[in-house]
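Good morning, and thank you for making time for this item. I should like to take the group through one model, and I ask that questions be kept until the end.

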Amino acid sequence: MSRDLEQLWDVCVVGGGPAGSLAARQLALGGRKVVLVDKANFPRPKACGGCLGGVGVDALESVGLPLQRLPVKSLPLEQLDIRCNQVTASLQLLRRRVVSRDELDAALLARAEESGTHVITGNKASLGIVEDSARRVILHDDKHNGFLRAKLVLVAAGLSAVKDVCRGVESLTAGYRPHGRFGLAASLPTADDGYAAHRVTMACGRNGEGYVGLVRLPDGRLDVAAALAPEAMNQTRRSTQPGKTTATGLVERILNDCDLPKPAGFDLANWQAVAALRRKPRRLGADRVLLLGDASGYVEPFTGEGMGWALRQAVDIVPIANQALENWEPKIVDAWARRHWRIVGRRQTRCSWICKFVGGTRWTPHVVRALTIAPWVASPLIRAIDQHS
Ligand SMILES: Cc1cc2nc3c(=O)[nH]c(=O)nc-3n(C[C@H](O)[C@H](O)[C@H](O)COP(=O)(O)OP(=O)(O)OC[C@H]3O[C@@H](n4cnc5c(N)ncnc54)[C@H](O)[C@@H]3O)c2cc1C
């Protein structure tokens, strides 16, 4: 453990995804002594569709970091094509962009470091005890264990946060049960395979088996991201040819059912999987700890909500973190929970309905057909998800 880490930090941020990096930057710019720990070395791969919603675009602009200043290449995302069987309903999207996830996360982490945040990568962190008005954070790398102390810990460690980072804190782990579909994603090489830029194609499965989203990245690669029901996997396992992984077999089947081409490079891609995408911790913090980003609860990917919510939370947690640093009180967790509800609560509920619908209900084919005639019916829903409060 280096000497620097022995000092008492104002804030330790665990996780250098969009939530952690932006929160660290904002706090460091406000004069706080901030350390950020991530288990990965950057740039790191992340299962993601690369769609950034209006909430995220606005959050970045509100702190003077529009995508072109980060700088991160992006394309406007103008249209959502929902495809069920052989029918496509096209809906207009507002203020959405497509980005390469590796590039966005690396740029945000670099901006955090530039603002004075001390960044430690390649170290896994977990919460330790509270003593002398500070929370210990235990660090592990390949060879060593050590710890640092911070007046406040922001846990922004994504979907694994509660089980992994918070495992010693019973008030956060008790009754915590991730459930729901699992995620699968890969970036496929540039090819002329029928998937145009500026639109996301959402292929609906049948009978709740899940959905597959495809979007062209600014560098020409095609991002494929899916949410798949474990039960559908079991059925596919029985029917796919030996040697083919069942998850990608299911993605292929959904594309085939929707009469969409199998993208070039599909079989050789480096697929990343994420288990049980739905999570909700009972509380959004504990003594000198606050959770944000996916760590604070997640529904399922749709078309750009996760990153947007993570970035908005990173901006909105700053005044609450400052209050916690002046005088920690348990009611700060409740204040954060109220703010959090205003940022994501209702939107997550709406998103869960949409995810259920695109995952294939018996109504999906009829609604998609109706949307081809009256696409404007969906506009209020898309606007409600995309606008920040
Ligand atoms: C298949 C799939 C597709 C998706 N597509 C989209 C999309 O198109 N658009 C969108 O907006 N969202 C999408 N999402 C959701 C989006 O990826 C997340 O909502 C977003 O990454 C949340 O950001 P975060 O900062 O909270 O966490 P993350 O981005 O997950 O970052 C967490 C960080 O914490 C680090 N970490 C984890 N454990 C530890 C530890 N113990 N110690 C130290 N560091 C740790 C990790 O290395 C990681 O860098 C998708 C998700 C999935 C699964």
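Let me begin with the conventions. Residues are numbered from 1 along each chain as its sequence is written. The model is a predicted one: local features need pLDDT of at least 70, side-chain atom pairs count only at pLDDT 80 or more, and totals for chains, interfaces and linings use all residues. Helices (H or I, at least four residues) and strands (E, at least two) are DSSP runs, numbered from the N terminus. Two strands are said to pair if DSSP finds at least two bridges between them.

Consider β2, residues 34–38. How many of the residues of β2 are buried? Five of its five are, where buried means that 20 or more other C-beta atoms lie within 10 Å of the residue's own, exposed means 12 or fewer, and partly exposed lies in between, with C-beta atoms placed from the backbone. V34, L36 and D38 point one way from the strand, while V35 and V37 point the other way.

β2 has a parallel partner in strand β1, residues 8–14, over four bridges. Within this pairing, V13 has L36 as its bridge partner. The chain passes from β1 through α1 to β2, and this β-α-β crossover is right-handed; that is, with the strands pointing away from the viewer, the path from the first strand over the helix to the second runs clockwise. β2 also pairs with strand β6, residues 118–121, again in the parallel sense and over four bridges. There, L36 has V119 as its bridge partner.

I turn now to an open sheet of eight strands. Its order is β3-β5-β4-β11-β12-β13-β10-β14, and the pairing is mixed. β3 and β14 (272–274) are the edge strands, each pairing on one side only.

Within this sheet, strand β4 (residues 74–84) and strand β5 (residues 87–99) run antiparallel and are joined by ten bridges.

Next, the ligand. Which residues are the closest to it? They are G17, G49, G158, G293 and G306, out of 42 residues that surround the ligand; a residue belongs to the shell if its C-beta atom, placed from the backbone, lies within 6 Å. Among the elements that give two or more residues to this shell are α1 (18–29), β2, β7 (124–131) and β10 (182–188). The largest share, five residues, comes from α8. By class, the shell divides into 21 nonpolar, 13 polar and eight charged residues. Here Ala, Val, Leu, Ile, Met, Phe, Trp, Tyr, Cys and Pro count as nonpolar, Asp, Glu, Lys and Arg as charged, and the others, Gly among them, as polar.

In helix α2 (residues 54–62), the buried residues are G54, V55, G56, V57, A59 and L60. Just after α2, G64 takes a positive phi of about 70°.

Helix α7 has twelve residues, 246–257, and at 1.5 Å a residue should span 16 Å; its end C-alpha atoms are 16 Å apart, which agrees. The expected span is 1.5 Å times one less than the number of residues. The buried residues of α7 are A247, T248, L250, V251, I254 and L255. They cover an arc of only 155° around the axis, so they lie on the same side of α7; the arc is that of the directions from the helix axis to the C-beta atoms. In general, an α-helix has 3.6 residues a turn, so residues three or four places apart point the same way. After α7 comes D259, whose phi is positive, near 60°.

Finally, two single residues. Q323 lies in helix α8 and is partly exposed, because 15 other C-beta atoms are within 10 Å. Q323 and P263 are 60 residues apart along the chain, and their C-alpha atoms are separated by 50 Å. G146, in strand β9 (residues 145–155), counts as partly exposed because it has 14 C-beta neighbours inside 10 Å. G146 and L5 are 141 residues apart in sequence and 9.4 Å apart in space, C-alpha to C-alpha.
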